[in-house]
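Have a look at the sequence and the structure first, and then we can walk through a strand pairing, the nonpolar cores and some totals.

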Amino acid sequence: MSQLPDIKRKLTTILSADAANYSGRMARNEVDTVQALRRARRVIDAAIITRGGRIANTSGDGLIAEFPSVVEGVAAAVTIQRELNSIPDALPFRIGVHLGDVIVEGDDLLGDGVNLAARLQENANIGGIFVSRQVVDHARGRLEADFRPLGPATPKNLLDEVELFAVLSDGVKAPDDLARVSPRIDRPRSSRTDGDARTRFRRSCQRAGLATAVLVVIDISNGAGPGWPALVVAGIGVSLVFKWRNLRDSQD
């Protein structure tokens, strides 16, 4: 029995690109769709080569490319989407980018790193780019692009939860519901934190009520009408209003 070669691994930036609604377009007009794919591939191939990458795997309307630099990989993805999105009736693509460990099999790349890049691409909106936390950690601040967190997810056929980020840049299409699904903090506020805030507000109300009762008794005992205790009560009321507004805003 011949000896199988050792498994070779490396850390690299993986770009996964796939045409959107390719099968539907093929069903309507095969020739026009193939021509559109050829035009799109010219744009994609040129951007990959210009940024120092190489195409590793191809499968019909999709491909896997790799880059030695995370920044160059994201820059290539942005260039691709900008050019394709600016061409009328161009074949649109989804793109995912991930930095991960891969298995090298000849010219092809295999392994979970490739699978995660492909899952990011599948979740991306048409004309958009989704990337992983690993990509954001290396590329943020080095490109004319922003990375908006979309929250954690467990992509299909993968075991671990990952954080999704949308690339925001001129010419790159953002998710339609970005404002709703994309908070400006990396992780959503926990329900426990909200519960603690509500508990603290209730306790403040209880203490304020007790203090107000004591001041009212003092005021009545003096028998001179509203005086300094009334001012203190008013101050307590204003303080509670501000605390209530802060609690409401934190839950929006």
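This is a predicted model: local features need pLDDT of at least 70, side-chain atom pairs count only at pLDDT 80 or more; totals for chains, interfaces and linings use all residues.

**The hairpin**
- Asn-57 has Ile-64 in β3 as its bridge partner.
- Two residues lie between the strands β2 and β3, and Gly-60 in this hairpin takes a positive phi near 70°.

**The nonpolar cores**
- The largest nonpolar core has 37 residues, and the members that touch the most others are Leu-15, Phe-93, Val-97, Ile-129 and Val-131.
- Two or more residues of this core come from each of β1 (8-19), α2 (30-50), β3, α3 (70-85), β4 (93-105), β6 (129-132), α5 (133-139) and β8 (162-168).
- Helix α3 gives the most to this core, namely eight residues.
- Leaving aside residues up to four places away in sequence, Val-97 touches a list of residues that includes Leu-15, Val-74, Ala-77, Leu-120, Ile-129, Val-131 and Val-135.
- Phe-130 is also touched by Val-97, yet Phe-130 belongs to a second, separate core of nine residues, which includes Val-162, Leu-164 and Ala-166 as well.

**The chain as a whole**
- The protein chain has eight helices and eight strands.
- Of its 252 residues, 40% are buried.
- Among contacts with a separation of 6 or more, 68% are between residues 24 or more positions apart.

Key: Residues are numbered from 1 along each chain as its sequence is written. Side-chain values use heavy atoms; hydrogens and water are left out. Two strands pair if DSSP finds at least two bridges between them. Helices (H or I, at least four residues) and strands (E, at least two) are DSSP runs, numbered from the N terminus. A nonpolar core is a set of buried Ala, Val, Leu, Ile, Met, Phe, Trp, Tyr and Cys residues joined through side-chain atoms within 4.5 Å. Buried means under 20% relative accessible area, exposed over 50%, partly exposed in between (1.4 Å probe, protein chains only). Contact means heavy atoms within 4.5 Å.
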